[in-house]
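Me: I would like to go through the terms used for this structure and see what each rests on. Could you take me through them in turn?

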Amino acid sequence: MAKLHIRKNDTVVVLAGEDKGKTGKVLKVLVEKERAIVEGVNMVSKSTKPSAKNPQGGIVKQEAPIHISNLSLIDPKSGKATRVSIKHEGKNVVRIAKKSEKSGEEIK
């Protein structure tokens, strides 16, 4: 299983698919399936039965997972899509945006 370059709360842009060009915040990363759930991206309609939380039931819109390869991290400095390099500082792992690599911009 490969290491993933995207983490929870990162801002990403969609590179391919129906929602190409949309940006959003990563809500959850599914490491085993190499997928992520991004806020407002890849919306699907799901039928729900009536429950205590939703007594009416009906159709609910929610985000579906999207493959990590179709996402790219947004550079905090330039605001554009960027690749990620990883630098090891002792036991810490630091992600660096390739677009800002000359300046050494760290991704928080």
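Me: Before we start, what kind of model is this?

Reply: This is a predicted model, in which local features need pLDDT of at least 70 and side-chain atom pairs count only at pLDDT 80 or more, while totals for chains, interfaces and linings use all residues. Residues are numbered from 1 along each chain as its sequence is written, and side-chain values use heavy atoms, with hydrogens and water left out.

Me: What makes S3 and S6 a pair?

Reply: Strands are DSSP runs of E with at least two residues, numbered from the N terminus, and two of them pair if DSSP finds at least two bridges between them. Strand S3 (residues 35-38) and S6 are joined in the antiparallel sense over two bridges, with Arg35 standing opposite His67 in S6.

Me: Why is Ser72 called buried?

Reply: Ser72, in strand S7 (residues 71-74), has 10% relative accessibility and therefore counts as buried, since that term means under 20% relative accessible area, with exposed over 50% and partly exposed in between (1.4 Å probe, protein chains only).

Me: Why do Glu34 and Asn42 count as partly exposed?

Reply: Glu34 has 27% relative accessibility and therefore counts as partly exposed, and Asn42, at 26%, is likewise partly exposed. Glu34 is in the loop between strand S2 (23-30) and S3, whereas Asn42 is in the loop between S3 and strand S4 (43-48).

Me: What is the phi of Glu34, and what is that of Asn42?

Reply: Glu34, although not a glycine, has a positive phi of about 55°, and Asn42, also a residue other than glycine, has a positive phi near 60°. Most residues other than glycine have a negative phi.

How values were computed. Helix = DSSP H or I, 4+ residues; strand = E, 2+ residues; numbered from the N terminus.
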